[in-house]
Each structure stands twice: as C-alpha cells, then as structure tokens.
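Hi there,

Here is the structure I promised to hand over. Please have a look at it before you read on.

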Amino acid sequence: MSENTPSAMEHGLQSCHGCGLLSRPAPGAHEGRCPRCDEKLEFRKAASLERTMAYLIAAAVCYVPANLLPVMTTNTAGGSESDTIMQGVVLLWSPTGWPLSLIVLFASIMIPSAKIVALLYLVFTVKRGSIQNNAQRVRLYRMVEIVGRWSMVDVFVDTFTVSLIQLQPLMSVEPGPGLLFFAAVVVLTMLAVESFDPRLIWDAAAAKETKHEVQHA
Amino acid sequence: MPDTEKFSNVPEAKAVPKKRTRLSLVWVIPIVAAVAGVWIAVTKILEKGPEITINFSTGDGLDANKTKIIYDGLTIGTLSAIRLAPDHQHVIATAKMMPKTKDFLVKDLKFWVVKPRITGLNITGLGTLISGYYIGVQLGQSKEGERSFTALESPPVGGDVPGRFFQLRTTELGSLGEGTPIFFRQIQAGQVVSYELDKAGKNLNVKIFIQSPYDQFITPDTRFWQASGVDLTLTAAGLHVQTESVMSILAGGIAFETPVTDSPQPPAPADTAFTLFDDRTAAFRPPPRDPHDYLLVFKQSVRGLNVGAPVEIGGIQIGEVTGIQAQFDAKTAEFSVPVTISVDPARYGVKFLNLPKDDEQPGDGHKRVMDILVARGLRAGLKTGNLISGSLFVAVSFHPEAPPVTLDWSQEPVQLPTQSGQLEGVEESVASLLKNLDQTVSNLNLTVSSARGTLTNADRLMTSTDKLMGNANNLIAPDSVLNAELNNMLQQGGDAAQALRVLLDYLERHPEALIRGKTGEAKP
C-alpha cells in the first residue's frame, strides 16, 4: 500500500490532523499551526511510541485492580454484596441471560485486554521497524480505535444503576473502587490509541525501502 | 527537502515559538497508576483480617460470602467457604474476619447461628427471615488466642448479663424448655438454659440462669417449683387460684422462693443443685426430719385410703401413708391389707418434751417411747376423712381397754397394732339407731291415737260450718228479701242523681236562680 506511494513527510510537507490540509512546515524552529483550522501541525505525532507505551503501561497497571476490586456494591435488606466484573459475568450467566453475560464479558474484560495487547504489538513492531503485515496492522489499529469506546458501556451501566437504584431501606447500589480503575483503563487505552500514530507503520516500511534502494544503487 | 519549489504555491505554516517539550511528563501517568495500584494492594493486604474456622453441626442457612458474623449489630466477618467435615457429620466454615479483630479471637469466643426461634415466650431473630441467617458472637474472657471454634446449637444465655447458673433436678420436664422463665415473686428473674437426661435416664438436669440481683436470693434452702399453669385449691375458706403470670399459664415456668428463717443463709454458690418440686405446696412441705416406718395390717376394706393419706393423732398430722399392698395367708385363709406408714411428728411441728436419750444404739429412746405408748393402748385405725369422697385416713388413738400387745422390733418395718374401731362403732351406732327407731315408732302410736280424737272434733266443726254456709246462701239468693231491698235502694239512688244533675244544669245557665228563685221566662 505505502511502499510506492510517497508520504507527505518524505516531501517535507505536513498534513493536518484536523482537516487533512497539506502545508509546508513553519519556518525555523517554530511549532506549526494549520493555516485553515489552527490545528497543531507535526510530521508525526510527537513522541508517539513513548506516549502510547506510557498510557499502555498505566492501563495495564490499572487493569489488575479493575478486575480484582468490586465494581458495584448492592445493599439489600438481606445484606450487602460486592461484585467484581468477573463475578457479574458469572452471576448473569444463566440459560436465559447468557447473551447479556457475554456482552459484559466482551465489553468489559476481553476488549480492554485485547486493546492493550494489540497496541503493545503495534508499538513493538513499529519500534522494531517491521515491514510485515502492514495492512493488517493498520486494520488492527482501526479496529482498536473503533471498538475501544464500547468498553465504556460498563461504566455507564454502573453509574446509571447507582443513580437509579436508590430505594434506601430496601435496596441501594454503590459504586465500588474497581469502577474507578476500570474507567481509568478505558480512558488510558483510548489515550494510547489516540497517541499512537499509525503512519509510523508504513514509515518503517518506507525507510526500509529507501535503504534497500540505496543499497541497490 | 527537494520539492520546495514545486509546492511553492502551498501556503506556509504559521511560525509559533517552539516550547520545550517535556515528553517524559507522560510517564507520570503510569507511575501514578502504579502507585495507586500498589497502594490499593497494600491496603487490601493490610486490611485482610485473620481467618478462622467454625465448626457447625449443620450448614442450614449458611452461605459462603454471604453469611456474616455480627457482633452488636456490626459485621466483624464473613463466611468465605463452607465445606463438609471429613467425617461427614458436621460442617466446617471458613470465615474471613475484618481487620483488627485479632483480639476478639480468644479461646472462649462463642458463635451460634441467629435464626428465627419461636419458643412459647420468645420470638427472636425475626429479622433473619428477610436478611437470612447470620452468626452471632459472644465475646470471650480468655487471653489465649484461637483460630478454630465450634458453634453453639443455640444462643448462649446470660452472656454479658451478670448472674449465675444453677442446676435443677426433676423427674419430669413438664412444659419446660429452653428459655422458660423463672419467676421470683412474680418477677422474671432468669430462664432455663438447657436440660439433659442424667446417665441413668431417671432424672433430668435442668440448667438455669438467674440474673443478678435475684441470684443472691438463692440460698441452699431455696425451693424451686413448676409454676406451669394454674393451681386451683378448694378449701373450706373458698377457692384459691394461684399462678405466676399469664405467660407461665401459657408456656410454663419455674418459680422459686426462699423460706424465711431466723438466721439468713448465705447465697448458694453457682451450679448448686436443687430439686424441682411439682407445685408450691410440695416445695414447702417440710422435709423429713426423723421418719420411722410402721406396718399396719388391716383386715377390713381399705377402699378410700390412698398413698399420701395423712396419719393423724388427735387431729394433728404426724405422718403419711407410704404404701398399700394386699396379702393372703394360705394357712389361715385370711386376706389382709398391710399398709406402710411413715411417721415423722417432728416434720409436722410436733414438739417433744423430755425425750429419753439413746442409751446403747441410735433410735433406742424412740423404741422405748413407742413401747410405752403401745402398752398404754396406742392403736391405729381407719377413719373417714371426707364423707363425700369417702377418703380414709389413718387415725392413731388410745384404746386402754384393748388387749395388750408388745411390739416386735426385729421386724422391719415394725408392725403396729390396729383397731378396726370404725366398723365396731358403726355397728354400735346402728344398734342404738334401731333402738331409737323403736322408741319413735311407739311414740308415733300414741300420737296416732290422739290424732284420732282430734279428727272427731274436726268432723263436728265441719258440720256447723256447713250450716253457716247454708244460711249465707239463703241471704244472697236472687229471690231473697235482702236482694229486693238492695235493688230498690239502688233505683232510688239513681233517681236522686238524675234530679241533682237537672238542678245543676239549670244553675249553670241561671246562676241568679240561687237568689231570685226560678223565673217563668227562663224555662227552657
């Protein structure tokens, strides 16, 4: 895909993140701004890999308490009960409720972890300068970007439940500390996706190509 | 940059002074996350309380991760796992205690399952119907730490309430049960904790708890009795109803009282055993002092004599009947009824004066007294105590005219001579009754003859009365002179009344007639 197509950077041009306008970089050591939409202009996202890595590590750290701590405490007349996400999945699992259980399992446990793993893979391959499966890696990045926000569903459901179910003497629901960490995981992975610059994927390929050409020449 | 000229029409970016980029700043985020994570982990580990195991006889109502251990309304732990013991006879529950409960966990800490319990008097743990069972805790006094406990079957009684435990011995449980109230002067002073059959299976040991300050009223002399239900007594003075409280009528109870003595006794030590009497009367029946058993052989019917019937001398009870058997002597072909009595005058408050001392062996003096009494004609007999029920009692009386008897002290129990006095007396009475009857009959004859004279007189009286009546009849007859005269008189009376009415009428219309007299034109 990118092997034979020139990139803007190769031609000393910057493309705007916001409106896609191509522009020449600002003269001198100044930071460039898009003349059309005033978006910050860079050849590549600054310190993309480093930021992504930082966010990923933070997300991975938060992922542990998010799954170990209870996300929701249900107080009923029969006593209170704290459930972690996994306990919720187990609780929902029944002959009729299994689709719901699966949704929670996917949205809350598999997607965040998959996101972290996928992004780690992308960061490592880019860092190594891999040129294989470029197209797949870009597709993977898109998927991660699209699917990532759905993890927030769990947080929304939780906050809704907490605010709606307040039948004080009979039943009340309180958020657990796990919820905070879970939200942090979702936000941090979204930030990681945001800070990762997919153009780096084919930059490496282009670099290798030029190297190859140079060697050939 | 080779293509700058080519894209010269491309607008140039605005120049903004470059800020110093501190990319490393982004690493603060994972550091913060890690610190938060570590902090949570550390607090979790620090918060992790001790883990204990509790042995239950049944896992009924217990739920892992749900059943709480609650002390004074606060959760101090939660059951984390429940499994069957290796012997399959009971259930071992693992409980995670809250942090800082380490000093709770001592050797005599008590656990029990709080569930709805409905006894006759108490309904407890109703809340658990909704909330599910929980585990109650009673703190221990011990200093020794412990991690494995055995749960009690029922909530402990007493606990933090000051008081003491005592034992009651009884042959029948009656309506007693755990939690049965114990009354002292109609105040609830304690309750039954538990009961168990003794090893021989003959008696029941009832463990009771008397709370302070009532426990100090229990001396070794205190009497306990079953206060279950109502005690009805019908005496010459009327009907007596005795009960402790409405509650005890419904659910049973125990009452205790300490007899008032001249020298107050110190409170009984804890776990003292007492006898539980059937009723108050039995409880306050004087205890045996110096009982002696005797055998009375009656040849007459003992119908109406019961075990427990009193033995009286001069109307004062000195003992009671303890046994009634029957025996048949094949040799003499005689049927007799041996009755054993227990005589204990001291028990019933008979005072002894100048009692001879035992010379050689104990009971010697008593024997001598008895010998003297029998020589003076002491005999036992049966007497009717109650005419309606026909109940008999043993009456000991003196019959100096009776043939002399000596007591055979080698027998056990000693046979006392009997006197079938009652029957002889009856015969005598019947004979005198018959004699009297004879007299009465002859008297009656006399009366009858005089009555005959009276009757002739009465006859005469009747004839004259008859005549009188005839005269009276003549007077009232319709055709008699008197009648006609009377009719006439009435007629004239009526006429007079008519004339008077006319006069009054006239006067009403012409009142002046009173002065002027009747005028001609005023004539109606």
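Below are some notes on chain B and then on chain A.

First, some housekeeping. This is a predicted model, in which local features need pLDDT of at least 70 and side-chain atom pairs count only at pLDDT 80 or more, while totals for chains, interfaces and linings use all residues. Residues are numbered from 1 along each chain as its sequence is written, and chains are lettered from A and ligands numbered from 1 in the order in which they are written.

Let's start with chain B. It has eight helices and 27 strands; helices (H or I, at least four residues) and strands (E, at least two) are DSSP runs, numbered from the N terminus. Of the 524 residues in chain B, 18% are buried, where buried means that 20 or more other C-beta atoms lie within 10 Å of the residue's own, exposed means 12 or fewer, and partly exposed is in between, with C-beta atoms placed from the backbone.

Seven strands of chain B make an open sheet with mixed pairing, in the order E6-E9-E3-E4-E5-E2-E10; two strands pair if DSSP finds at least two bridges between them. At the edges are E6 (110–114) and E10 (148–150) of chain B, each pairing on one side only. Inside this sheet, E4 (residues 74–84) and E5 (residues 91–97) of chain B run antiparallel and are joined by seven bridges. One bridge partner to look up is Ala93(B) in E5(B), which goes with Ile82(B).

Now to chain A. The axes of helix H1 (residues 48–68) and helix H6 (residues 177–195) of chain A come within 8 Å and cross at roughly 160 degrees; axes are lines fitted to C-alpha atoms, for helices over the stretch in contact, and angles run from 0 to 180 degrees between N-to-C directions. H1(A) and H6(A) are therefore roughly antiparallel (angles over 145 degrees count as such). Among the residues that meet are Tyr55(A) and Leu56(A) from H1(A), and Phe181(A) and Leu188(A) from H6(A).

Finally, find Ala118(A), which sits in helix H3 (residues 98–128) of chain A. Is Ala118(A) buried or partly exposed? Ala118(A) counts as partly exposed because it has 19 C-beta neighbours inside 10 Å. Leaving out residues up to four places away in sequence, Ala118(A) touches Leu140(A) and Val144(A); contact means C-beta atoms, placed from the backbone, within 7 Å. Ala118(A) and Arg137(A) are 19 residues apart in sequence, with 9.0 Å between their C-alpha atoms.

Happy exploring!

Technical notes: Angles under 35 degrees count as roughly parallel, over 145 as roughly antiparallel, 65 to 115 as roughly perpendicular and the rest as oblique. Two residues are in contact if their C-beta atoms, placed from the backbone, lie within 7 Å.
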